[in-house]
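Please read the following briefing alongside the sequence and the coordinates. It is grouped by topic.

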Amino acid sequence: MIPALNEAPNLPTVVNSVPTSALRALGWETEVIIVDNASTDDTAAVAAALGAIVVSQPERGYGNAYHAGFRAAKGDVIATGDADCTYPFDSLPELLGTLTEADVEFMTTDRLRRENRSAMKRSHTVANYALSALSRFLFRNGLRDSQSGMWVFRRYVWDGVDVKSTGMAFSQEIKNAATRAGYRYLEVPIEYRNRQGEVKLNALPDGMANLRQLFEHRFRRSAGERSARYERRHTPA
């Protein structure tokens, strides 16, 4: 699943990087979902021409796009990433193998490694480290990269968490919600690549919104997350 705002030039590279044939050989049938987040270019038309399923979300926002996309997803496992050519969709066979072999329910990825530093502006790197450190302190889940936009998880995890964010904070919230709810989780390193096209991140306002969301999430009581813990303990095998 890939949220997209005015990413028409990048979509051929991104969609064609999803290794559907290799995944099919491993027993995974794949649907590629592009969530068009009120683009003003040809994002929807290009995605459809490439064979992707196009979901329209007219209300802009990174989280809004994912809320719409998850409602439309039919697969048992969901993998995510951005439409800016930064995430390694060609690594999905290995990532799905890890999800299965490690028997985890929610897997997120770590971009904040020395070999990836050239792909991210220094100011963004510093902000990512700071937000991730605060997230680890508040939620005690040990995740190194709270802002990574690539996750691979069992579909039912989404039904068991209570994620409210409509903007960029969605990325940290889904991780903290899944780990807080008691799902088995894992963080794995990935290659992070140079962004193509226009940068959509508004560093200061998005960073401040993420900061506020961390504290709001930490101290709110979530019926959705409580029920997820209950269901995992009481659902018959």
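**Briefing on a predicted model**

The second largest pocket has a lining of 19 residues, and those nearest its centre are Glu29, Thr30, Glu31, Val77 and Ala79. Strand 4 (77–79) and helix 5 (92–101) are the elements that contribute two or more residues to this lining. The model is predicted, so to speak of local features a pLDDT of at least 70 is needed, side-chain atom pairs count only at pLDDT 80 or more, and totals for chains, interfaces and linings use all residues. Residues are numbered from 1 along each chain as its sequence is written, and side-chain values use heavy atoms, with hydrogens and water left out.

**Pocket and cavity**

- A pocket is an open set of points on a 1 Å grid over the protein atoms alone, with protein on both sides within 12 Å along at least five of seven lines, whereas a cavity is a set of points where a 1.4 Å probe fits but cannot get out; lining residues have an atom within 4 Å of a point.
- The second largest pocket holds about 400 Å³ of space, where a volume is the space filled by probe spheres set on the points, and grid points are joined across faces, edges and corners.
- With three residues, strand 4 gives the most to the lining of the second largest pocket; helices (H or I, at least four residues) and strands (E, at least two) are DSSP runs, numbered from the N terminus.
- The lining of the second largest pocket comprises 14 nonpolar, two polar and three charged residues, with Ala, Val, Leu, Ile, Met, Phe, Trp, Tyr, Cys and Pro counted as nonpolar, Asp, Glu, Lys and Arg as charged, and the others, Gly among them, as polar.

**Salt bridges**

- A total of 13 salt bridges is counted, each being a side-chain nitrogen of Lys or Arg within 4 Å of a carboxyl oxygen of Asp or Glu.
- Arginine 111 and aspartate 145 form a salt bridge in which the closest N and O atoms are 2.7 Å apart. Arginine 111 lies in the loop between strand 5 and helix 6 (122–139), and aspartate 145 in the loop between helix 6 and strand 6 (151–154), so the pair ties together parts that are 34 residues apart in sequence.
- Arginine 111 is buried at 6% relative accessibility, and aspartate 145 is buried at 0%, where buried means under 20% relative accessible area, exposed over 50%, and partly exposed in between (1.4 Å probe, protein chains only).
- Aspartate 103 and arginine 184 meet through their side chains in a salt bridge of 3.4 Å, N to O. Aspartate 103 is in the loop between helix 5 and strand 5 (106–110) and arginine 184 in the loop between helix 8 and strand 7 (185–189), so this pair ties together parts that are 81 residues apart in sequence.
- Aspartate 103 is partly exposed, with a relative accessible area of 45%, and arginine 184 is likewise partly exposed, at 35%.
- A salt bridge of 3.2 Å, N to O, joins the side chains of aspartate 159 and arginine 155, which are four residues apart in helix 7 (residues 155–159) and thus separated by about one helical turn. Aspartate 159 is exposed at 60% relative accessibility, whereas arginine 155 is buried at 17%.
- A network of salt bridges links Glu7, Asp84 and Arg195.

**Helix 8**

- Helix 8 (residues 170–180) is mostly covered, with 10 of its 11 residues buried, including Phe170, Ile174 and Ala178.
- Glutamine 172 belongs to helix 8 and is buried, with a relative accessible area of 0%.
- Glycine 182, which follows helix 8, has a positive phi near 95°.

- Three strands form an open sheet in the order 1-2-3 with parallel pairing, two strands being paired if DSSP finds at least two bridges between them.
- Strand 1 (2–4) and strand 3 (53–56) stand at the edges, each with a single partner strand, so one side of each is left without a neighbour in the sheet.
- Strand 1 runs parallel to strand 2 (residues 33–36) and is joined to strand 2 by three bridges, with proline 3 opposite valine 35 in strand 2.
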